[in-house]
Amino acid sequence: MAKEKPNPEKLLPLTSSVFHILLALSDGDLHGYGIMQEVAEHTGGQIRLGPGTLYGAIKRLLGNGLIVETDQRPDPEMDDERRRYYRLTDFGQQVLKAEVQRISKLVSVAQRKRLLPKRT
Amino acid sequence: MSLSKRLFQLMLLAYPREFRLEYGSDMTQLFRDCYRDIQRASLISAIAFWRRMIWDVIRTAPLERWEALGRRYKIMKSLKSDLIGLLACIAILIVMFLLLGYLRKHQVALMLGYSLDAIITAGIVSNLIIFPLTIATRLSAFRTVWWTLLLVNGALLLIATLIGNRVDPGFSFPAVAASYLVSFVFWLTFHWLRSQMRPQVS
């Protein structure tokens, strides 16, 4: 019997930390510290993931098949072998896209209500 | 650094053991990386850093504990359900055995006697295989039950045919075959009902 394809919409809305972790991994494989730095960078330092928040979210993301652990190292020269790298799966990419579309619709509503300036 | 690291490792005790085993060293590594970043910063930054670390543990450790507790509860519930299933199986076998004794004493209903014989014999053999396999392994419960019942009932039918022809002049193959079919359906239904009551452990 074929395995039922999971529906990305079922996992929405994502929590803030999960969304930022997936967004950080959309550029390529990262380890925990790399994810944390990337999140801090793209939120202008507003979100700083603590170890418990980060690895709790990673545990759930691995469980739901949104990310996987990878043996491949982006830069072997700079690599510390003890670190675990994570990669966004195809399903994770679908969930991230679905969440971005959901947020985008909300932004459109906010624009219609003149809460945000329209994008040019 | 060493003292800070030890302090953080002490804080990690707030998390459940399995979570610590899986992510404890990664969390410590992340802490060390973050700590290195603030080492040259002011005292205020250091206080903000520790406040953030403590708040993170306070916020996330109960969540992880709660999840671990939920998993354990499901396993316990599943074991309880298996035990009830096993007791129900033993009770069925005892009742069948007593009924068979009564039928033999009064020499009535030959077909029913064959069926009870098959249910008891196949029940004892197949359940001795099914229960340990479904409790102790991650094998698909339905497939285990299906194949065990099929093989055990088939093997017993074969043995009964080979022996019965020689020792019993009134041996009837259709009656024995039908009785093992009844036994197969009976135990399959029993295990299907049991699986409906068994909580799924993820």
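**Close-up views of a predicted model**

**View 1. H31(A) pairs across to β3(A).** H31(A) stands opposite Y85(A) in β3(A). This pairing is part of a predicted model. Two bridges join β1(A) to β3(A). The two strands run antiparallel. β1(A) covers residues 30–31.

**View 2. β2(A) pairs with β3(A).** Strand β3 of chain A spans residues 85–88. β3(A) and β2(A) pair over four bridges, in the antiparallel sense. Within this pairing, E69(A) has Y86(A) of β3(A) as its bridge partner. β2(A) covers residues 67–70.

**View 3. Three strands of chain A form an open sheet.** The strand order is β1-β3-β2. Pairing is antiparallel. Which strands lie at the edges? They are β1(A) and β2(A), each of which pairs on one side only. β3(A) stands between them in the order. β3(A) is joined to β1(A) by two bridges and to β2(A) by four. Strands of a sheet pair through backbone hydrogen bonds.

**View 4. Helices α1(A) and α3(A) pack against each other.** Helix α1 of chain A runs over residues 16–25, and helix α3 of chain A over residues 51–63. Their axes are 10 Å apart. The packing angle is about 75°. Angles of 65 to 115 degrees count as roughly perpendicular, and α1(A) and α3(A) are therefore roughly perpendicular to each other. Which residues make the contact? From α1(A) come S17(A), V18(A) and I21(A). From α3(A) come T53(A), A57(A) and L61(A). The contact residues divide into four nonpolar and two polar, with no charged residue.

**View 5. Chain A meets chain B.** On chain A, 15 residues are in contact with 15 residues of chain B. Two elements of chain A give two or more residues to this side: α2 (32–42) and α3. Which element gives the most? α3(A) does, with seven residues.

Conventions:
Residues are numbered from 1 along each chain as its sequence is written. Chains are lettered from A and ligands numbered from 1 in the order in which they are written. This is a predicted model: local features need pLDDT of at least 70, side-chain atom pairs count only at pLDDT 80 or more; totals for chains, interfaces and linings use all residues. Axes are lines fitted to C-alpha atoms, for helices over the stretch in contact, and angles run from 0 to 180 degrees between N-to-C directions. Angles under 35 degrees count as roughly parallel, over 145 as roughly antiparallel, 65 to 115 as roughly perpendicular and the rest as oblique. Two residues are in contact if their C-beta atoms, placed from the backbone, lie within 7 Å. Ala, Val, Leu, Ile, Met, Phe, Trp, Tyr, Cys and Pro count as nonpolar, Asp, Glu, Lys and Arg as charged, and the others, Gly among them, as polar. Two strands pair if DSSP finds at least two bridges between them.
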